[in-house]
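Student: Can you walk me through this one? I'd like the annotations first, then the fold.

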Amino acid sequence: MRALPPTTVARLPGYLRSLGGLASEGVTTTSSDQLAELVGASPAQLRKDLSYLGAGGRRGVGYEVDHLRRQIAQALGMTEERRVVIVGIGNLGQALAAYSGFADRGFVLVGLFDTDPALVGTEVGGHVVQHVDGLERAVEEQEASVAIVATPASAAQPTTDRLVSAGVTGILNFAPRTVRVPDGVDVREVDLGSELQILGFHARQRSGAAAPAEPAGPAVEPAPEPEPVPAAD
Ligand SMILES: NC(=O)c1ccc[n+]([C@@H]2O[C@H](COP(=O)([O-])OP(=O)(O)OC[C@H]3O[C@@H](n4cnc5c(N)ncnc54)[C@H](O)[C@@H]3O)[C@@H](O)[C@H]2O)c1
């Protein structure tokens, strides 16, 4: 398999989701046109992305759905189990801990950590919340390689440092603070606010394109002439 451009990697989960949908409908083969339409890409883009995986469709037949799913899953590392911890079990951490969709994608939740004594010892999503003091030991014992950081911004970097020193190599950071990691560790920053802003940008562009051309700005009224000052006698 050739090195995959990051933009291709970012599209693979969408291809996999659409292929899963086809498989659940009993579809066994698909064309690049059909798959491209499902994912909202161009057929040429899709063919190029899949060619990086060595996945070529057969003329007149297209792609075999199950085979392509396996190739994409392998490229995304989903054929190996990844063990995940979540640090920060507030509103967001609790929602993530209760999310059942990780397992389908090869991720197994192995620990929840927080500092709040009111949360430690309670059960969330079938896991008992542990005090963050035991983070390093648990990461090592559980062989967790991925961590989700859902702490307040101020705790994000120290938490990341602890996770990395314990052996975590992938961080999904939700805290609104960019975290630094050494080489060999990957970070993905999730920011729903930025995503909404991007939607706002596209909505504005669309409405700008549809609306009739606006004049450059409202006509500026000329400033009134100053009252003549009566000459002093
Ligand atoms: N990226 C996004 O789109 C997005 C969306 C929502 C929230 N957030 C961010 O995610 C984070 C969590 O949001 P929330 O609404 O769940 O907040 P929250 O206040 O409900 O939860 C934060 C939790 O972190 C715990 N905590 C604090 N310091 C800690 C530490 N050192 N180690 C472990 N746990 C610690 C707190 O006890 C609390 O339970 C915040 O930083 C928030 O800004 C991001």
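Student: Which residues does the "DNA-binding region" annotation cover?
Tutor: In the unreviewed UniProt entry, that annotation covers residues 14-53. UniProt positions use the numbering here, feature names are shortened, and annotations may be inferred rather than shown by experiment. This is a predicted model: local features need pLDDT of at least 70, side-chain atom pairs count only at pLDDT 80 or more, and totals for chains, interfaces and linings use all residues. Residues are numbered from 1 along each chain as its sequence is written.

Student: Helix or strand over residues 14-53, what are the percentages?
Tutor: The chain there is 72% helix and 5% strand. The end C-alpha atoms are 15 Å apart. Helices (H or I, at least four residues) and strands (E, at least two) are DSSP runs, numbered from the N terminus.

Student: What are the domains?
Tutor: Domain 1 is 6-75 and domain 2 is 82-192. Those bounds come from an automatic or database domain assignment. Taken over C-alpha atoms, the domain centres are 31 Å apart.

Student: New topic. What does UniProt list for "binding site"?
Tutor: The unreviewed entry lists G88, I89, G90, N91, L92 and G93.

Student: Where is G90 found?
Tutor: G90 is in the loop between β3 (82-87) and α5 (91-98). L92 is in helix α5.

Student: Why is L92 called partly exposed?
Tutor: Because 17 other C-beta atoms lie within 10 Å of L92. A residue is buried with 20 or more other C-beta atoms within 10 Å of its own, exposed with 12 or fewer, and partly exposed in between; C-beta atoms are placed from the backbone. G90 is partly exposed too, with 13.

Student: What does L92 touch?
Tutor: A150 and F174, not counting residues up to four places away in sequence. Contact means C-beta atoms, placed from the backbone, within 7 Å.

Student: How does β3 pair with β4?
Tutor: They run parallel, joined by six bridges; β4 is residues 107-114. Pairing takes at least two DSSP bridges between strands. R83 stands opposite V108 in β4.

Student: And β4 with β6?
Tutor: Also parallel, over three bridges, with β6 at residues 127-131. F113 stands opposite Q130 in β6.

Student: Which residues have the most contacts inside the largest nonpolar core?
Tutor: V85, I86, V87, A147, I148, V149 and V168, in a core of 28 residues. Such a core is a set of buried Ala, Val, Leu, Ile, Met, Phe, Trp, Tyr and Cys residues joined through C-beta atoms within 7 Å. Apart from it lies another core, of 13 residues, including Y15 and L46.

Conventions: Contact = placed C-beta atoms within 7 Å.
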